[in-house]
Amino acid sequence: MVIPAITDVTMLALCPGKDECSIAIYLSGFQQAVTGLGSLMLMPVVGNLSDSYGRKALLTLPMTLSVFPLAILGCGRTKYYFYAYYVLKTLTAMFCEGSVLCLSLAYVADNISEGRRASAFGILSGVASAAFVCGTLTARFLSTPSTFQVSALVAILATLYMRSFLTDSSSNCNFDSSSSSRLISKDKVPVQSNRCGNDSCPKLQIGKRIPSVEDMIHLLRTSLTFTQAAIVAFFHNLAEGGLRESLLFYLKARFHFNKDQFADILLIVGVAGAISQLLLMPILAPNLGEEKLLRIGLLAGCAHIFLYSISWASWVPYLATTFSILAVFSSPCIRSIASKQVGPEEQGKAQGCISGICSFANIVSPLVFTPLTGCSVFPSSFVPVRKSTISFPGFQSYVHRICNGNNS
């Protein structure tokens with residue numbers, strides 16, 4: 001719901017009355033990099049803790065924290081409100097960004113057999129896409145102040161619903177200790193073979209050591225397939241991060257799109273993704289397998305991004321969005337492949353590891369794409385930056401070479 005409106009709010013707060021604002025690109029890139037760094041460090045920890053203490057307990061904190069940045073912009077969207085939102089959003093996103101998806105995937109893996117897991121992950125992503133469609137459609141008809149107020153209310157309701165109705169799922173509560181596919185916990189973590197109730201799982205011990213980084217390295221070294229899935233996840237998210245952070249600014253500068261047109265673009269993407277993941281993927285996954293669907297999704301994603309890059313008229317971005325009907329196969333397939341490489345008591349660790357690698361891609365992405373976007377979309381904005389009294393010689397030299405076509 002927030003995505004179509006945040007670009008206009010950012011531009012109005014930082015560069016009122018303008019369609020070009022390089023500082024918005026740089027602040028967005030910085031936020032993405034900091035969020036990615038925090039997620040890289042925290043996602044494996046979150047996944048590891050959820051294996052021991054249950055998914056529900058770990059879901060509560062990110063879902064609660066996500067309410068506060070929305071509430072700030074619901075109160076006001078002036079420059080000072082925006083900076084307050086920006087700082088709080090950056091801090092909370094380090095923990096919240098990706099953790100709900102990571103824990104949801106682990107929750108599904110706790111309750112779905114391996115043969116049905118790819119379809120289940122696709123359906124979960126399809127439901128998320130359907131929610132994205134509803135949020136985008138709502139934003140299309142709401143005023144900007146109402147958009148943030150309603151989104152904060154919905155986030156509160158989601159948290160209350162989760163706490164009231166979600167049945168807890170923890171690998172320590174559900175797995176069979178005779179499993180032979182464990183990669184990490186076999187010789188390191190004592191396991192419980194009995195099934196326990198919602199309140200009988202181990203309680204969180206703050207001082208307990210959490211060997212998440214060690215587990216990540218062990219996972220990557222133990223399973224070649226898991227390592228290959230992690231590499232694909234990294235490059236896929238590197239490309240998606242570059243597109244996500246630059247596309248709306250590019251469309252605003254190139255074709256003067258506004259909130260409503262952003263919502264239209266995102267609505268098409270969401271509808272295509274929901275239809276594909278809810279209807280096509282459950283049919284195709286059992287017949288083609290995750291590997292073939294992953295190839296199809298990656299190829300469609302390449303075409304999707306390339307068509308955006310050569311847009312010559314305002315209708316071309318709308319055409320490019322149709323490729324997302326196949327591009328959305330990539331993420332569920334990667335997650336399913338990774339999930340099948342570990343035992344039932346390690347699903348949180350595996351999903352946390354993949355989420356951490358995706359977050360690392362989000363760190364690299366703004367470093368690569370922000371200067372490219374800034375000098376190609378807002379080339380005139382770089383002149384005062386290079387002449388300013390604040391000196392960053394190495395970075396300015398890098399940007400100068402890019403903007404002037406000097407690849408040496």
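In the predicted model, the axes of helix α3 (residues 55–65) and helix α6 (residues 99–111) come within 9 Å and cross at roughly 160 degrees. Axes here are lines fitted to C-alpha atoms, for helices over the stretch in contact, and angles run from 0 to 180 degrees between N-to-C directions. Helix α3 is therefore roughly antiparallel to α6; angles under 35 degrees count as roughly parallel, over 145 as roughly antiparallel, 65 to 115 as roughly perpendicular and the rest as oblique. The crossing of α3 past α6 is left-handed, a term used if the near helix is turned anticlockwise from the far one by less than a right angle, with right-handed used if clockwise. On the α3 side the contact (heavy atoms within 4.5 Å) is made by Arg55, Leu58, Leu59, Pro62 and Met63, and on the α6 side by Ser99, Val100, Leu103, Ala106, Tyr107 and Asp110. The residues of this contact divide into eight nonpolar, one polar and two charged. In this division, Ala, Val, Leu, Ile, Met, Phe, Trp, Tyr, Cys and Pro count as nonpolar, Asp, Glu, Lys and Arg as charged, and the others, Gly among them, as polar.

Residues are numbered from 1 along each chain as its sequence is written. Because the model is predicted, local features need pLDDT of at least 70 and side-chain atom pairs count only at pLDDT 80 or more, while totals for chains, interfaces and linings use all residues; side-chain values use heavy atoms, with hydrogens and water left out.

The protein as a whole has 18 helices and zero strands. Helices (H or I, at least four residues) and strands (E, at least two) are DSSP runs, numbered from the N terminus. Of the 408 residues in the protein, 50% are buried, where buried means under 20% relative accessible area, exposed over 50%, and partly exposed in between (1.4 Å probe, protein chains only). The accessible surface of the protein comes to about 19,200 Å², and 66% of this belongs to carbon and sulfur atoms. Accessible areas come from the Shrake-Rupley method with a 1.4 Å probe; for residues, only the protein chains shown count as cover. Among contacts between residues at least 6 apart in sequence, 82% join residues at least 24 apart.

Helix α3 also meets α2. The axes of α2 and α3 come within 7 Å and cross at roughly 140 degrees, and α2 is therefore oblique to α3. Val46, Gly47, Leu49, Ser50, Asp51 and Tyr53 in α2 meet Arg55, Ala57 and Leu58 in α3. This contact of α2 with α3 divides into five nonpolar, two polar and two charged residues. Val46 lies in helix α2 (residues 22–53) and counts as buried at 2% relative accessibility. Not counting residues up to four places away in sequence, Val46 touches Leu58, Phe95, Ser99 and Leu103. Val46 and Lys349 are 303 residues apart in sequence, and their C-alpha atoms are 8.2 Å apart in space.

Helix α1 (residues 3–14) packs against helix α5 (residues 79–96) at an angle of about 125 degrees, with their axes 9 Å apart. The two helices are therefore oblique to each other, and α1 passes α5 in a left-handed crossing. Ile6, Val9, Thr10, Ala13 and Leu14 of α1 make the contact with Lys79, Phe82, Tyr83 and Tyr85 of α5. The residues involved divide into seven nonpolar, one polar and one charged.

Leu73, in helix α4 (residues 67–75), is buried, with a relative accessible area of 0%. Beyond residues up to four places away in sequence, Leu73 touches Ile6, Val9, Tyr81, Phe82, Tyr85 and Phe148. The C-alpha atoms of Leu73 and Phe148 are separated by 6.0 Å, although the two residues are 75 residues apart along the chain.

Thr147 is found in helix α8 (residues 144–165) and is buried, with a relative accessible area of 0%. Leaving aside neighbours within four places in sequence, Thr147 is in contact with Met1, Val2, Ala5, Ala139 and Leu142.

Gly273, in helix α12 (residues 259–309), is likewise buried at a relative accessible area of 0%. With neighbours within four places in sequence left aside, Gly273 is in contact with Ser129 and Val328. Gly273 and Ser129 are 144 residues apart in sequence and 5.9 Å apart in space, C-alpha to C-alpha.

Nine of the ten residues of helix α15 (residues 330–339) are buried, so α15 is largely enclosed by the rest of the structure. The buried residues of α15 are Ser330, Pro332, Cys333, Ile334, Arg335, Ser336, Ile337, Ala338 and Ser339.
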